[in-house]
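Hi there,

Here is the structure I promised to pass on.

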Amino acid sequence: MAIADAPTADAPTLCPPPDAAGRPAVPVRRGPLSSVAWREYGYVFSSFPVAIAGFVFAVTLFSLGAGLAITVLGLPVLVALLAGARLLGAGERERAAARLGLRTVAPVPAPKGGVRERLADPAGWKAVLFQFLMFPWRIASFVVTLTFLAAGWTVALLPLYAWVFPTFVGWPGYRLFDWTTDAGVHHAYYLESFWQIGAASLVGIGLVLLTPVLVRAMNRVDRAAVRGMLAG
C-alpha cells in the first residue's frame, strides 16, 4: 500500500485551500519579495549541496557495486544503493512539499526477501536515476538563480551607492568596461550621469522582477522529476 506524504487533516499545510471550483488557489503575490518566491529560491539553494551529496553517493556505490558484480560482494552494495536512494528520495519529497508545496505519495515499499528480490526494485532504481539526472540540472539552476539575484539587485540598487566610485575609487562612475586595444587605443565606459544610472537601475529592476518567474519555471523540472521518479 502506498504511504501518503501529505499532512493529516489536523496538520498545517503550506498549500492554500482550493477555490469554489475545487482548484488550488494560487497566491496573488508572486513578486520578488513574496514568501512564495523566497521558498522557491531556498529550494534551489538547498538543492545545490543535496545534489552533490546524492550524486557522490549514487556514483560511489553504483561504481563499487558494478565493479564487484562478478563476485557476491557487489550485490549487497547495490542493495545498499537502492535503500539509500529511497531514503534520499523521501527527503526530496519532504523538501518539495515544504518549499514548493508539492504533495506526493511515497512509492510502494521495497520488495522483501533475498538479495535478488531486493535488486528487483523499480522505485529504488528510479530514485538512483533521479540522483544522476538531477545533478547537472540543479547545478545549472543554482548558478542561474544566484547570477540573476546578484546581478538584478546589484544593478537595481545602483543609485544608492553610485557615489562610492567617484568618491573613493577614483572613477567618474560605475565602470562597465575598460580595455586597451593592440593599437594602443583606450576604450572605457562609465555610468556617471543621472540618466545613465537611472536607466541601469530600471534594467536591474526588470531582472529582479524576472528572477522569480525564471526560478519558478526551472523548479517545474524538479516538480516533474519528483512526481515521475520519486512518487508512487
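A salt bridge here is a side-chain nitrogen of Lys or Arg within 4 Å of a carboxyl oxygen of Asp or Glu. Please keep in mind that this is a predicted model, in which local features need pLDDT of at least 70 and side-chain atom pairs count only at pLDDT 80 or more, while totals for chains, interfaces and linings use all residues. Residues are numbered from 1 along each chain as its sequence is written, and side-chain values use heavy atoms, with hydrogens and water left out.

Let me start with the charged pairs. By the rule above, the count comes to seven salt bridges. In one of them, Arg95 pairs with Glu92, with 3.0 Å between the closest N and O atoms. Both residues lie in helix α2, three residues apart, or about one turn of the helix (helices are DSSP runs of H or I with at least four residues, strands are runs of E with at least two, and both are numbered from the N terminus). Arg95 and Glu92 are both buried, where buried means under 20% relative accessible area, exposed means over 50% and partly exposed is in between, using a 1.4 Å probe and protein chains only.

Arg138 forms a salt bridge with Asp222, the closest N and O atoms being 2.8 Å apart. This pair links distant parts of the chain: Arg138 is in helix α4 and Asp222 in helix α7 (residues 194-230), 84 residues apart. Glu92, Arg95, Arg138 and Asp222 are linked in a network of salt bridges.

What else does the side chain of Arg138 make a polar contact with? The partner is the side chain of Tyr43, at 2.9 Å. (A polar contact is a pair of N or O atoms within 3.5 Å; within protein, one must be able to donate a hydrogen and the other to accept it, and residues adjacent in sequence count only if both atoms are side-chain atoms.) Arg138 is buried, with a relative accessible area of 3%.

Asp121 and Arg86 form another salt bridge, at 2.9 Å between the closest N and O atoms. Here Asp121 sits in the loop between α3 (115-119) and α4, and Arg86 in helix α2 (residues 74-100), 35 residues apart. Both are buried.

Now for the rings. Rings of Phe, Tyr and Trp (its six-membered ring) pair if their centres lie within 6.5 Å; planes under 30 degrees apart count as stacked, over 60 as edge-to-face and the rest as tilted. That rule gives 14 aromatic pairs. One of them is Trp38 with Tyr41, edge-to-face at 4.9 Å centre to centre and 90° between the planes. The two are three residues apart in helix α1 (residues 35-67), so about one helical turn separates them. Trp38 is partly exposed at 41% relative accessible area, whereas Tyr41 is buried at 1%. Phe177 and Tyr189 are stacked, because their ring centres are 6.0 Å apart and their planes are at 20°. That pair joins strand β1, which holds Phe177, to strand β2 (residues 186-191), which holds Tyr189, 12 residues apart. Ring pairs also link Tyr161, Phe165, Trp171, Tyr174 and Tyr190 into a cluster.

Best wishes
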